[in-house]
Amino acid sequence: RRCTDIICCVIFIVVILGYIALGVVAWVHGDPRKVIYPTDSYGQFCGQKNTLNKNKTILFYFNILKCASPVVLINLQCPTTQLCVSKCPDRFATYIDVQASYRYRPDQWNYFRQFCKPGFNNPRKSVAQVLRDEDCPSMIIPSRPFLKRCFPDFSTKNGVLTVANQTTFKDGRGKTRNVTDLREAANGINNVLDARSVGMKIFEDYAISWYWILIGLFIAMMLSLLFLVLLRFTAGVLFWIFIFGVIGIIGYGIWHCYWEYDHLKGIPGSDLTVYDIGFQTDFKVYLQLRQTWLAFMIILCGVEVIIILMLIFLRSRIRIAIALLKEGSRAIGYIMSTLFYPIVTFLLIAICISYWAVTAVFLATSGEPVYKVMANQTLCKYANLTCDPETFNTTNVTKLCPGAQCTFAFYGGESLYHKYIFIFQLANAFVFLWLVNFAIALGQCTLAGAFASYYWAYRKPADIPLWPLFSSFGRAIRYHTGSLAFGALILAIVQLIRVILEYLDHKLKGTQNSFTRFLLCCLKCCFWCLEKFLKFINRNAYIMIAIYGKNFCTSAKEAFFLLMRNVVRVAVLDKVTDFLLFLGKILVAGGVGVLAFFFFTQRIPVFAQEVPMLNYYWVPLLTVIIGSYLVAHGFFSVYAMCVDTLFLCFCEDLERNDGSTAKPYYMSASLHRILGKKKLSPKKA
């Protein structure tokens, strides 16, 4: 063997180094605290250490009535002053009342001013000026912290919405308002709180049932192993039972259609045609016509004849497919370590996802605070324009747009780095897709090399290498990193284009241009088909790389033409394999799911005392079912790779060898018997 696709290998290594450099740059400029901590109107973090806000961890809104809903409060900027406070208000109060009682009850002012701008301590300032400059809120209402933000302390009393047991409050502008003015916010907050309550209960269920969930997944793993082992003996039986079951069901359908057709004979109106009665929304009308049942019978007869003819003419290929499935089970039995290789692929993909997510967060939080004019008037021409909070009050904006504020909007910047953050995010996504596809390609090539070493061992298992999986992994890394990266690169480009098309489709969803939507739909469909085709080609190319050690293009070409020369065998093998593996997944997930259902619902008397008390028994039940399916999928993906590898080896064996002493077949005796060719040459002792 020699190194293949060296140029692509060098580019791949350079890209990885550049990806690391991008992560470092993002780490230097980014600050994930911008996502974790709420930010006040001055762009400062609430609760940030070594700042004036270190003990002020909660965000307070001067006038929460200006905020449409909690979604706006959390994700967008509410057009009101936002301040970091140490605790939320616990009483009703207005600036007018506090100012009026300042001389007699200064303690009320001392409490109220902690919700004013830092440094403001002038209760004699006129109410109009205070509200204009937003030095203090016009009112405070009892609130409680949620998501590090102060929300009104809503509750219901006898079906009536209240805040601190009151249904009305003063808005600080001379009006008495009903708390139902906050109903929109109340409903949103209650939904979020309900979701949090459900989330806590689900967490509790996981905390007390994790042990039994692991036991269920272990049972799924053992059942998957057992199913793979039994396929050596039951693959043919399962397949033929299914086929004859389908034939029997279709046969019954033909008989039933004939019975209905004969039963309707002589009934008035049954001899009408579908054309005579036209289109009817009630489908039962068509079932009263003899013509309908005659059509059903003809269709079912056609399907039955096609299935029987396929079985007659494709019987040898079906037998070969079943023999390959059995041979795959035998190969896995000799190389059991391959069943656990998906764990390596999972870890590699988990590392890629983690690095991509962290880099994306740091890139998204790279920037300086950007302030924009937040105006209550929709016609204000300065609305959404950038501003400077230090000089905002000296400009004419407040005069032309009364109530406008210079409020923190988002993080950005005008430097070269900040201008290309979107490009960096795109590069981050592209390299992430490339690395994920490379991890999958490495797993496929490694498994293919291990199973190919089994097939091409003349004396099985004596000639199988000592550590076939580790040897194959070493060969893939040492010689074929470039080829695997090349195949992953092609797939990543197509996937990135699909992501961009999905983004454009989402942005243009509201457009009325039918041609644009049609064009996008066609492009999405074409690239989806292209991705599926490339995955198929790449998978078989990696098998050829593992067998012969050639470069990617040569391996892809040879694999493609080899499959085209055996296209019928490919189709039969794929369908037989897909059916048996799907059946295995359903059996494993369904069997473990039924067992888990009876266990968590205390229907197994022996274990009734061991069942934990759960809020929702469906939480561990669904976890066990989904986890069992994923466990079975992991094991069966190895089996599918094994069968595909053995099939390509089998096709190569048929084309390169003739069973003579000089060119003996490497296939198993069962495959050779199915082919009906001359006997295997005697194997050397």
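Here is a short tour of cavities and aromatic rings in a predicted model. Residues are numbered from 1 along each chain as its sequence is written. Local features need pLDDT of at least 70 and side-chain atom pairs 80 or more, while totals for chains, interfaces and linings use all residues, and side-chain values use heavy atoms, without hydrogens and water.

**Stop 1: the largest cavity.** Select F60, Y61, F62, I64, M139, I140, I141, S143, C150, F151 and P152, which line this cavity. A cavity is a set of points on a 1 Å grid over the protein atoms alone where a 1.4 Å probe fits but cannot get out, and lining residues have an atom within 4 Å of a point. The space inside is about 100 Å³, counted as what probe spheres set on the points fill. Now colour strand 6 (149-152): with three residues, strand 6 gives the largest share of the lining. Strands here are DSSP runs of E, at least two residues, and helices are runs of H or I, at least four, numbered from the N terminus.

**Stop 2: an aromatic pair.** Pick Y458 and Y666: their ring centres are 5.5 Å apart and their planes at 75 degrees, so this pair is edge-to-face. (Rings of Phe, Tyr and Trp, using its six-membered ring, pair with centres within 6.5 Å; over 60 degrees between planes is edge-to-face.) Y458 lies between helix 14 (421-455) and helix 15 (468-507), and Y666 between helix 19 (618-656) and helix 20 (669-675), so the pair ties together parts 208 residues apart in sequence.

**Stop 3: a ring cluster.** Finish by selecting W210, Y211, W212, F599 and F600, a cluster linked by ring pairs.

Methods: On a 1 Å grid over the protein atoms alone, a cavity is a set of points where a 1.4 Å probe fits but cannot get out, and a pocket is an open set with protein on both sides within 12 Å along at least five of seven lines; lining residues have an atom within 4 Å of a point. Rings of Phe, Tyr and Trp (its six-membered ring) pair if their centres lie within 6.5 Å; planes under 30 degrees apart count as stacked, over 60 as edge-to-face and the rest as tilted.
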